[in-house]
Amino acid sequence: MAVKITRQKKNIVVLGSATSAAALRTGLERAPAALRAAGLADQLKTIGFQVTDLGDTATHLYQPDDEHPRARNVSAILKALNDLRPRVETAVKTGALPLILAGDCISVLAVIAGTRRYFRNVSLIYIDSDADLNVPATTPSGCVDGMVISQVIGRGAPELVRFWGEPPLVREPDVALFGFERLDAPEEKYLVTSPLRRHPSLEVSSVGAAAAARLALERVHASNHEFILHFDVDVINGEEFPWTNYPGAGGLSFNEVRDALRVFVSQSNLAALVVAGYNPELDPDAQGARKLIDLLADVLSPRLETSNAAAAGAGDSSSSSSVSASPSSEAAPATLPSTPSSETESDRADSADLPDTPEPDSTVS
């Protein structure tokens, strides 16, 4: 039976994915509890949201798992995904915005799968300092969090690819890698011919974060169907946000991340927001938790303005609303540079494009 989802822009459903199984150290599993304790729900309620908390999944910890050095802890990861997926389905059905407080990044598989219970076509905006395109044959560490996009597009560890019965979870042209700067050599090689949309950190900084965000939305066709927004906090320059397993010396500034998130989160077709990578073990005084909560409240608040405008006569929100831009602290360029690419003919017909070739850089995946 078809289910009609009616957007409730003033409503947020909080879910916790309490797992570090796909990472290379413990601590991430405590992120949902730490962000709650630092006042996430209270701050969202204070600015006007109605917040429902559906609790956490069971806790799954990283283990060395030397028996499976090419894909560590897959069994625990699958348990965590199967626990999270029905909770996401429940949240999506309410019409509220699901806000998933994830430990490791692999949780996004369950978020996409849960969203696809109601929406056939789902795109993915993946904000992360890493491309996460390793596979078991190429991984330097066996860290499944370094293979997330490979799982999404159907080329990673077989057990996780089969998590979705008809891979891929998302087609490559409907995935945008945003803000990445660290690439292993096999990932760089794969990107040469891949139709994945990519917006490396250097490009985002060059054209402006808000402009790059609008282009990413256009390129994954976010005005035509729903999209998931995945936000790994390690995309923020490590000097400004060090409370993550792999803070980077480069990366996007805090303000650039805020400007991009404002654009992404303001879209009516946003189906779910995943926040990953914050490690409370590295944040004993909760300074990072408070900074992250302030950021989320800042970028989510324009949704209330849109909702109030609709209530005043602008009409009901719908899942087919067009892509729009929210206020930004930067001025977007009037036109964006266009360069040839190796995309399909229909992709080349897009009204704007940016260079797809990132500068190579090594990473710990």
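Before going on, a word on what we're looking at. This is a predicted model, where local features need pLDDT of at least 70 and side-chain atom pairs count only at pLDDT 80 or more, while totals for chains, interfaces and linings use all residues. Residues are numbered from 1 along each chain as its sequence is written, and side-chain values use heavy atoms, with hydrogens and water left out.

Now the overall picture. The protein has 12 helices and eight strands; these are DSSP runs numbered from the N terminus, helices being H or I with at least four residues and strands E with at least two. Of the 365 residues, 58% count as buried. A contact here means heavy atoms within 4.5 Å. Among contacts between residues at least 6 apart in sequence, 77% join residues at least 24 apart.

Eight of its eight residues are buried, so α4 is largely enclosed by the rest of the structure. That list includes V108, L109 and I112, along with G114 and T115.

Helix α9 is mostly covered as well, with nine of its 11 residues buried. Among them are A209, L215, L217 and R219. What covers them? The cover includes strands β4 (122-127), β5 (175-178), β6 (197-199) and β7 (226-232), plus helices α8 (201-207) and α10. Just after α9, H221 takes a positive phi of about 60°.

Helix α9 (residues 209-219) and helix α10 (residues 254-265) pack at an angle of about 35°, with axes 8 Å apart. Those axes are lines fitted to C-alpha atoms, for helices over the stretch in contact, and angles run from 0 to 180 degrees between N-to-C directions. On the α9 side, A209, A210, A213, R214, A216 and L217 take part, meeting E256, D259, A260, V263 and F264 in α10. Why that kind of spacing along a helix? An α-helix has 3.6 residues a turn, so residues three or four places apart point the same way.

D130 sits in the loop between β4 and α5 (148-152), and D130 is buried at 7% relative accessible area. Its side chain makes a polar contact with the side chain of R182, at 2.9 Å. By polar contact I mean a pair of N or O atoms within 3.5 Å; within protein, one must be able to donate a hydrogen and the other to accept it, and residues adjacent in sequence count only if both atoms are side-chain atoms.

And then P186, in helix α7 (residues 185-193). Is P186 buried or partly exposed? At 35% relative accessibility, P186 counts as partly exposed. Not counting residues up to four places away in sequence, P186 touches N134 and T138.

Notes. Buried means under 20% relative accessible area, exposed over 50%, partly exposed in between (1.4 Å probe, protein chains only).
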